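Please look over the sequence and the model below before reading the briefing that follows.

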Amino acid sequence: MKGLWKYIAPFAPDQSGAAAVLYGLGGIVVICDAGGCAGNICGFDEPRWFSGGKSAVFSAGLRDMDAILGRDDRLVAKLCDAAGQIEASFAAIVGTPVPSVIGTDYRALQRMAEKKLDIPVVSIDTTGMAVYDKGIEKAYMALLQAFAEPSVKAEKGTAGVLGALPLDLMRPGDMDTIRSMLLQQGWQHIQLYDCLDDFRQAGRAAVNFVISPAGLTAARYLRKSFGTAYAPAYFGLPLQFPDTSLFFRKKVLIVHQQGAAQALRKYIGQGQPEQVTAATWFMQPREWACDGDVVLREEDDFCRLADGGRFDVIVGDRYFKKALPHFTGTYLDFPHFAVSGRL
């Protein structure tokens with residue numbers, strides 16, 4: 001039944017994706033909501049809160065009449081008050097369902113705030129009705145357009161990594177793993193876009209490695225602006241799947257974001273799978289997809305695809321397995337934090 005999800009809970013929404021990009025950049029992040037969306041971001045969709053990280057995230061605390069009457073001046077006043085107490089290099093306003101429904105003009109809100117503050121302000125028009133990858137995409141673009149210095153030149157030995165965020169990775173420590181792996185490959189300086197200076201110096205990268213489709217629009221923008229080449233990459237697969245013989249002459253379904261699925265498809269090719277299909281609820285760029293790959297819209301789409309005896313092996317977050325009561329093949333866990341919130 002369309003719209004009926006019995007086994008799979010909602011995925012991380014777009015405002016959580018935007019907040020993940022903004023995390024730890026040294027700015028004031030204002031979630032334009034009544035309190036619930038900010039609570040979800042801080043309590044469920046950002047694992048770095050549990051490892052001692054710090055980020056200044058505030059709820060706008062919109063009341064009913066504030067939203068109905070569009071009292072943007074009150075939000076700006078609260079932002080100015082926060083800026084007077086916290087040393088920040090910029091401020092970001094992140095959209096949620098209520099301001100989107102009433103048609104909040106984020107650009108106007110941004111200009112109002114910039115007139116009152118001595119720091120740059122960026123606005124990200126997330127709606128809470130899309131999933132996390134759209135928020136990541138919008139946040140990357142807002143920050144690059146606001147801060148990337150056009151005079152910066154590419155430097156040999158510098159690599160950028162777009163999409164290296166906990167929502168798209170397998171383990172909390174994967175960002176450190178990515179850095180160490182690239183250093184071992186001979187790269188001398190790594191930009192994970194986890195500090196504001198990486199956005200300012202975005203043009204330094206000789207190449208950008210793109211972990212998920214959420215980073216593709218930013219990679220294309222940097223290629224157009226600075227001539228920076230980009231390439232898909234996903235790290236840590238040998239650690240998760242050391243035995244590729246499990247896929248030998250098997251029909252395999254991979255359920256993840258398309259960048260991870262495509263990388264795993266290539267990796268397990270040495271296991272001589274008979275057929276590998278990728279399925280995703282998220283972005284599926286044409287250049288990362290193969291014939292037969294599937295974009296999922298409903299829970300029923302997944303159940304019909306995966307629970308009908310078509311595949312011998314399914315690789316996906318183990319959270320999905322409960323939606324497949326009739327699957328009798330091999331199910332391999334491929335963690336995806338944006339799906340299950342599981343560390």
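In helix α10 (residues 216–226), the buried residues are Leu216, Ala218, Ala219 and Leu222, where buried means under 20% relative accessible area, exposed over 50% and partly exposed in between, with a 1.4 Å probe and protein chains only. These residues lie on the same side of α10, because they cover an arc of only 160 degrees around the axis, the arc being that of the directions from the helix axis to the C-beta atoms. This is a predicted model, in which local features need pLDDT of at least 70 and side-chain atom pairs count only at pLDDT 80 or more, while totals for chains, interfaces and linings use all residues. Residues are numbered from 1 along each chain as its sequence is written, and side-chain values use heavy atoms, with hydrogens and water left out.

- The buried residues of α10 pack against α7 (132–147), β5 (158–162), β7 (207–210) and β8 (229–232), a contact meaning heavy atoms within 4.5 Å.
- Just after α10, Gly227 adopts a positive phi of about 75 degrees.

- Most residues other than glycine have a negative phi.
- Tyr193, with a positive phi near 55 degrees, sits in the loop between β6 (189–191) and α9 (196–200), and is buried at a relative accessible area of 2%.
- Arg249, with a positive phi near 50 degrees, belongs to the loop between α11 (237–240) and β9 (251–255), and is exposed at a relative accessible area of 57%.

**Ser340**

- Ser340 is part of helix α14 (residues 337–340) and is partly exposed, with a relative accessible area of 22%.
- Leaving aside residues up to four places away in sequence, Ser340 touches Asp317 and Tyr319.
- The C-alpha atoms of Ser340 and Ala9 are separated by 8.1 Å, although these residues are 331 residues apart along the chain.

**The whole protein**

- The protein has 14 helices and 13 strands, taken as DSSP runs numbered from the N terminus, with helices (H or I) of at least four residues and strands (E) of at least two.
- Its radius of gyration, taken over C-alpha atoms, is 21 Å, close to the 20 Å that the globule rule gives for 343 residues, so the protein is as compact as a globular protein of that length; the rule is 2.2 Å times the number of residues to the power 0.38.
- Of the 343 residues, 54% count as buried.
- Among contacts between residues at least 6 apart in sequence, 69% join residues at least 24 apart.
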